[in-house]
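Welcome! Have a look at the structure below, and then we will walk through some of its features together.

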Amino acid sequence: MRPGMQPAARFRSTHTSSNKKNPMFAFIVRRIAQAVMVMLVISVIGFAIKTAVGDPVRDLVGVAVSAEERARLSEELGLNDPLPVQWVRFLGGALQGDLGQSFFFKRPAMEVILRKAPATLELVLAASVIIVLVSIPVGIYAAVRPRAALSRLLMGGSVVGVSIPVFLTAIMLIYVFAIHLGWLPSYGRGETVRLTSWWETGLLTKDGLLHLVLPAISLSSVMLPLFIRLIRAEMKEVLEAEYMKYARAKGLRPWRILLVHGFKNTLLPVITVGGVQLGTMIAFTVLTETVFQWQGMGFIFLEAVERADTSLLVAYLVFVGFMFVVVNTAVDIIYGLVNPMVRITGRK
Amino acid sequence: MALLARLRESYLLHSFLRDPVAVGSFIVVVLLVTAGFLAPVLAPMNPYDPAQIDVMDSELAPAWIDQDSSFLLGTDSQGRDILSTILYGTRVSVLIGLGAVALQAALGIGIGLISGYAGGRVDAVLMRVADVQLSFSTYMVAIFLGAIFQATFGVGRYEQIAVPFLIAVIGLAEWPQYARTVRASVLAEKKKEYVEAARVIGLPSGRIMWRHILPNTMTPVMVISTVQVANAIMSEAALSFIGLGMPVTKPSLGSLIKSGFEYIFSGAWWITLFPGVVLVLLILTINLLGDWMRDFLNPKLYKS
C-alpha cells in the first residue's frame with residue numbers, strides 16, 4: 001500500500017479489485033507469483049534430474065547391496081509411486097531444506113551446499129567491493145574528460161577486458177603474482193576462522209585475506225568493463241542536465257557537483273544492473289573457483305558433476321536458482337517502486 | 001557481379017575502409033578463421049594422429065627459447081605441437097561458435113517473430129520465459145545444461161557427441177537475446193503502412209511475417225549476431241575449461257588452456273599462453289567488428 005494514498009481510495013481498494021485501484025500492489029503480487037512459478041519450474045527440473053539420473057538407493061547404501069534388498073528399499077522410499085506423487089513429496093522435502101543425501105559426502109546435500117556457500121559469497125562480496133571502488137571513479141573520470149588520453153586508454157582497455165575470459169585473467173594473475181613474483185598464494189582459502197557452526201570465514205585472518213586477493217580481482221574483472229561503461233554513459237547524460245548547470249552557476253565546489261548532484265542521479269540504473277549482475281557473478285564463481293581451487297559452492301558443484309552426485313547437483317541448482325529468483329524479484333520490485341513506468345509494461 | 005559493383009559503390013564499404021580498427025579486425029578474423037579451417041593443410045603435424053606424436057618431445061619450449069626444439073611454439077605434455085593443436089582448436093571453437101549462433105538465431109528469430117506478430121497472451125508467455133531465462137545469466141544456464149547432459153550420458157558417450165551438444169547448449173542458453181531484439185523491431189514494423197497494405201490485399205499472416213516483416217528486422221539481428229559469435233566462442237571456452245565442453249582428446253581453445261593450466265606450475269607457460277592469446281585475439285577482433293557494425297548501422301550513435 002502506498003503511503004501517500006487517499007483514505008477513500010484505500011478503503012475502496014480493499015473490497016474492489018485491487019488491480020485497478022492500486023497498481024503497485026498488483027505489480028508486487030504479480031512479480032511474487034512469477035517468482036513462485038519459476039521456483040516450481042526449477043523444482044520440476046531438479047526432480048527430473050533426480051529421477052532420470054540419480055539413484056537414491058545408491059545414495060543411501062552404496063552399490064554393494066543385493067537386488068532384493070534394493071527392491072525393498074526402493075519400495076520403502078516410495079520410488080514406485082506415480083511421478084506426480086513423488087514430485088509433491090520432493091517439493092515438500094525441498095521446502096524443509098531436504099534435498100536428499102549426498103552420495104559422496106554422506107551428509108544431507110543442502111547442508112553440504114550451505115557449508116560451502118559462505119566461501120562463494122565472501123568471494124562475491126570482495127569482488128563487488130573492488131568493482132565499486134574502481135568503476136565509480138574511473139567511470140566518472142571518463143565521463144568528465146572524454147577526450148583525455150587516460151580515459152581513451154581506459155575505455156579501450158575495457159573493450160579488451162570484455163574479450164578476456166575470466167579463467168584466462170585468473171591464470172595470468174597466478175602466473176605473474178604467484179609463480180613469477182611469489183607475492184601472493186595461488187590456491188585455496190588459506191587460514192579460516194569458524195564464526196558459527198556453518199560459517200568459516202577467511203576475512204578475519206591475514207592469510208585468508210591474502211588468499212582472497214587474486215580470486216577477487218579475477219572475478220571483478222568480468223564485471224568491471226560493464227560497470228565502467230555504464231557509469232560513464234549515465235554520467236555523461238546527467239552532465240548535460242539543467243540542474244548541473246544550475247549547480248555550477250551557484251558556484252558549488254566541483255567535487256560536490258559531481259558526486260552529490262551528478263553521480264547520485266546515476267545510481268538507479270547502476271543499482272538495477274548491479275542487482276541483476278550479482279546473479280551473473282555467481283555463475284562466474286564456478287570458473288574462478290575452479291582455477292583457484294576455492295572451496296566454494298561452484299567448486300563442489302563441478303566435483304558433484306564429475307562424481308554424478310545427483311543430490312548435490314540438484315541442491316546446488318535449487319539453492320542458486322533460489323538466490324537468482326530472490327535477487328531478481330527484489331530488484332524488480334524496488335525498481336517498480338521508484339519508476340512507475342515499469343509497473344505497466346513489465347521489466348525494461 | 002552486379003552485387004559486387006553495388007558493394008564497391010556502397011557507403012558500407014566506404015565507411016568500413018575509413019576505419020582502420022575495423023579493417024584490422026576484419027583481416028585478423030579472416031586470417032584466424034581461414035587458418036583454422038585449413039588446419040589439416042597448414043598444421044605441421046596432425047595432433048590427433050598417435051603415429052605422429054612422440055612422447056619424448058613432450059613439454060619442449062618454443063623454438064626461440066630452446067635451440068634444440070624444432071617446434072615453433074613448443075609442445076604440450078603429450079608431445080603435440082602447440083601450433084598444430086591451436087590451429088585444430090581454433091577450427092573447433094569457430095565451428096561451435098557459428099553453429100551455436102545459427103541455432104540461437106533460428107530459435108530466437110522464430111520465437112521473436114511469432115511473439116511480436118501474435119501479441120496478446122502468446123507474446124506475454126513467450127517473453128516471460130525469455131525474461132526469466134535471461135535473469136539466470138546465460139553462463140549459468142549453459143553450465144547447468146552441460147552438467148545435466150554430462151550426468152545423463154556419462155563421460156564416455158559424451159565425448160563423441162560433444163560438438164553438436166555444445167552447439168545445442170549454447171544455442172538454447174542464448175536465444176532470448178535474439179527473441180527480444182526481433183520482437184522489438186517486429187512491434188515497430190507491424191504498425192507501418194506496408195504491413196497494413198499487405199493485410200488489406202488479403203495475404204496470409206504467415207507470409208506477411210516471413211516475407212514482409214522479417215527482412216526489415218535484419219539490421220539489429222546482424223549487429224547482435226557478430227557479438228553473439230564472440231560470446232558463443234567465449235562460452236564454449238568457459239565450458240571446456242571447467243570440463244563440461246570439448247574433451248582433451250579433441251580439444252578446442254578452451255580445453256587446450258585447461259590442459260595447459262596443469263603444467264603452468266612447472267614453468268611450461270607456453271601450453272597455456274599461446275591458445276589463450278589466440279582465443280583473446282579472436283574474441284576481441286570479433287567484438288571490435290561488432291562495435292563498428294553497431295555504430296555504422298545505428299546512425300543515431302556517433303562516436304565521440
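## Salt bridges in chain A

A salt bridge here is a side-chain nitrogen of Lys or Arg within 4 Å of a carboxyl oxygen of Asp or Glu. Please keep in mind that the model you see is a predicted one. With that in hand, turn to chain A, where a network of salt bridges links Arg107(A), Glu111(A) and Arg115(A).

Let us look at one link of this network. Between Arg115(A) and Glu111(A) there is a salt bridge whose closest N and O atoms are 3.5 Å apart. Where do these two residues sit? Both belong to helix H7 (residues 109-144) of chain A, and because they are four residues apart there, about one helical turn separates them. Arg115(A) counts as partly exposed, since its relative accessibility is 35%. Glu111(A) is partly exposed too, with a relative accessible area of 31%.

How many salt bridges does the structure hold over all chains? The count is ten. In general, side chains of opposite charge can pair when their charged atoms come close.

In chain B, Asp123(B) and Arg183(B) form a salt bridge, and their closest N and O atoms are 2.6 Å apart. Asp123(B) is part of helix H6 (residues 120-135) of chain B, while Arg183(B) is part of helix H9 (residues 162-190) of chain B, so this pair ties together parts that are 60 residues apart in sequence. Are the two partners buried or exposed? Asp123(B) counts as buried because its relative accessibility is 11%, whereas Arg183(B), at 22%, counts as partly exposed.

Asp131(B) is buried, at 10% relative accessibility, and Arg128(B) is partly exposed, at 33%.

## Aromatic pairs between the chains

Now for the rings. A pair of aromatic rings is described by the distance of the centres and the angle of the planes. Over all chains, the count comes to eleven aromatic pairs. One of them joins Phe167(A) and Phe241(B): the ring centres are 4.4 Å apart and the planes meet at 10 degrees, so the pair is stacked. This pair crosses between chains, with Phe167(A) in helix H9 (residues 166-180) of chain A and Phe241(B) in helix H12 (residues 218-241) of chain B. Phe167(A) is buried, because its relative accessible area is 1%. Phe241(B) is buried as well, with a relative accessible area of 3%.

Phe301(A) and Phe144(B) make an edge-to-face pair, 5.6 Å from centre to centre and with 80 degrees between the planes. This pair also crosses between chains: Phe301(A) lies in helix H14 of chain A, and Phe144(B) lies in helix H7 (residues 138-153) of chain B. Both of these phenylalanines, Phe301(A) and Phe144(B), are buried.

## Chain B as a whole

What is chain B built from? It has 14 helices and zero strands, so if you follow the chain from its N terminus, every element in the run is marked α. Of the 304 residues in chain B, 52% are buried.

Chain B also holds a cluster of rings. Ring pairs link its members, which are Phe16(B), Phe26(B), Trp292(B) and Phe296(B).

## Two loops of chain A

Let us finish with two loops. Arg253(A) is in the loop between helix H11 (242-249) and helix H12 (254-262) of chain A. Is this residue buried or exposed? Arg253(A) counts as exposed because its relative accessibility is 52%, and the cut-off for exposed is over 50%. Together with Lys250(A), Arg256(A) and Lys264(A), Arg253(A) forms a positive surface patch.

The other loop lies between helix H13 (267-292) and helix H14 (297-307) of chain A, and Gln293(A) is found there. Although Gln293(A) is not a glycine, its phi is positive, at about 50 degrees. Gln293(A) is partly exposed, with a relative accessible area of 37%.

Methods: Residues numbered from 1 in each chain as written. Chains lettered and ligands numbered in written order. Predicted model: local features only at pLDDT ≥ 70, side-chain atom pairs only at ≥ 80, totals over all residues. Heavy atoms only, no water. Patch = residues over 30% accessible without salt bridge, like charges linked within 9 Å, V, L, I, M, F, W, Y side chains within 5 Å. Areas by Shrake-Rupley, 256 points an atom, 1.4 Å probe, with all protein chains shown as cover. Lys, Arg positive; Asp, Glu negative; His and termini not counted. Charge placed at Lys NZ, Arg CZ, Asp CG, Glu CD. Buried < 20%, exposed > 50% of the residue type's maximum accessible area, 1.4 Å probe, protein only. Phe/Tyr/Trp six-rings, centres within 6.5 Å; stacked < 30°, edge-to-face > 60°.
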